[in-house]
Amino acid sequence: MKTKAAVLYQLGEPLEIEEVELQSPKSGEVLVKVAGAGVCHSDLSVIEGVIPYPLPGVLGHEGAGVVEALGPGVTRLQAGDHVIFSFIPSCGECFYCRRGKPNLCDTALRLGGNLYDGTSRLSNSKGETLNHFSATSCFAEYTVVPQQGAIKVGPDAPLDKLALIGCCVTTGVGAAINTAKVEPGSSVAIFGCGGVGLSVIQGAAISGAQPVIAIDLIEERLALAKELGATHTINASKDDAIRGIRDLTEGRGVDYAFEAIGREETFSQAYRSIHWGGTCVMVGVPSTEARPTFDSRLVMQERTIMGSLYGSSNPHVDFLKLTQLYEAGKLKLDEMVTRTRPLEQINAALDDLRAGLGARTVITFD
Ligand code: CU
């Protein structure tokens with residue numbers, strides 16, 4: 001079939017909106033009509049070459065939609081099911097899956113631009129093969145994904161909001177709840193209030209943390225951080241973040257600091273903002289060349305540094321829990337969607353992201 005999709009041909013170039021050829025789902029795959037696709041910083045990182053990925057390809061890895069057709073052998077899904085995409089479609093059988101770490105699934109993380117059988121379902125009008133991005137490629141009206149990457153949720157919640165659970169919400173809420181296991185009453189600082197940082201704030205708030213200190217350079221994002229559960233905000237373009245954090249924690253620093261940007265400087269700030277015995281969690285994806293530094297206080301002050309990928313989540317369990325938290329009013333998704341745009345405006349949405357405007361743009365389809 002033909003479907004409209006946003007294709008990246010060259011690093012640093014705008015995405016091309018074009019009709020591409022999408023083959024029918026093969027064994028173990030499903031065809032999904034995309035309802036909403038969040039425009040995430042990782043898409044931008046691929047465009048800018050920070051996250052290496054084979055080109056040309058169809059981007060988009062944070063989305064939700066409705067199952068349209070099943071490939072042979074698909075048993076766990078039916079046409080009409082509402083699904084959220086998991087951009088790490090864990091195989092369930094590899095070393096990490098067997099150890100209960102599906103977010104590190106060997107098989108899924110080695111797919112490159114292909115699906116599970118090592119081939120692509122996507123090509124352009126010239127017959128050139130296009131890569132799938134994270135086996136998701138949801139910057140398109142329709143996409144074919146492995147059944148492991150289409151997680152069924154209930155039929156009631158709006159899919160253009162649930163799309164956010166596919167990446168930023170699971171990454172951020174999971175970093176607080178699954179990776180760091182923030183306890184009630186613990187003090188938390190979050191560096192960076194984009195989609196992931198705002199989700200860490202929500203995870204910390206859901207965990208009962210106090211205070212929850214949000215740090216960003218943009219006032220509008222700090223206002224949103226407060227709406228989503230931050231108790232205090234620091235605008236680091238005006239005030240010193242570390243001093244501000246110490247002032248709020250009896251001069252000691254926080255129990256947990258989260259870096260949600262992926263920059264060396266903010267990582268070392270986050271590291272410096274924890275007290276003895278504190279934990280610094282890196283959630284933002286740094287470039288492969290980045291060498292974040294920390295000092296030797298690691299030992300004498302028993303500090304902990306953690307990395308968190310996809311919120312240490314098991315999407316098959318966590319997507320449902322997060323959907324239920326949203327339905328119960330405890331997880332805020334509507335507030336995180338700053339605006340929606342049609343696929344034709346995807347480059348404008350990426351420009352907004354570059355400029356740090358708003359929290360999330362969701363691409364919607366009729
Ligand atoms: Cu993402």
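Predicted model: local features only at pLDDT ≥ 70, side-chain atom pairs only at ≥ 80, totals over all residues.
Modeller: Residues are numbered from 1 along each chain as its sequence is written, and side-chain values use heavy atoms, with hydrogens and water left out.

Biologist: Are H5 and H6 roughly parallel, roughly perpendicular or oblique to each other?

Modeller: Helix H5 (residues 168-179) and helix H6 (residues 195-206) have axes 7 Å apart, at an angle of about 40°. Axes are lines fitted to C-alpha atoms over the stretch in contact, with angles from 0 to 180 degrees between N-to-C directions. Angles under 35 degrees count as roughly parallel, over 145 as roughly antiparallel, 65 to 115 as roughly perpendicular and the rest as oblique. H5 and H6 are therefore oblique.

Biologist: How is H5 oriented relative to H11?

Modeller: The axes of H5 and helix H11 (residues 315-327) come within 11 Å and cross at roughly 100°. That angle makes H5, relative to H11, roughly perpendicular.

Biologist: What area is buried between domain 1 and domain 2?

Modeller: An automatic or database assignment gives domain 1 (2-166 + 332-364) and domain 2 (172-309). Their C-alpha centres lie 28 Å apart, and the contact (heavy atoms within 4.5 Å) takes 14 residues from domain 1 and 14 residues from domain 2. Buried area is the accessible area (1.4 Å probe) that two parts lose on being put together, summed over both. Carbon and sulfur atoms give 59% of the buried area, which is about 1200 Å².

Notes. Helix = DSSP H or I, 4+ residues; strand = E, 2+ residues; numbered from the N terminus.
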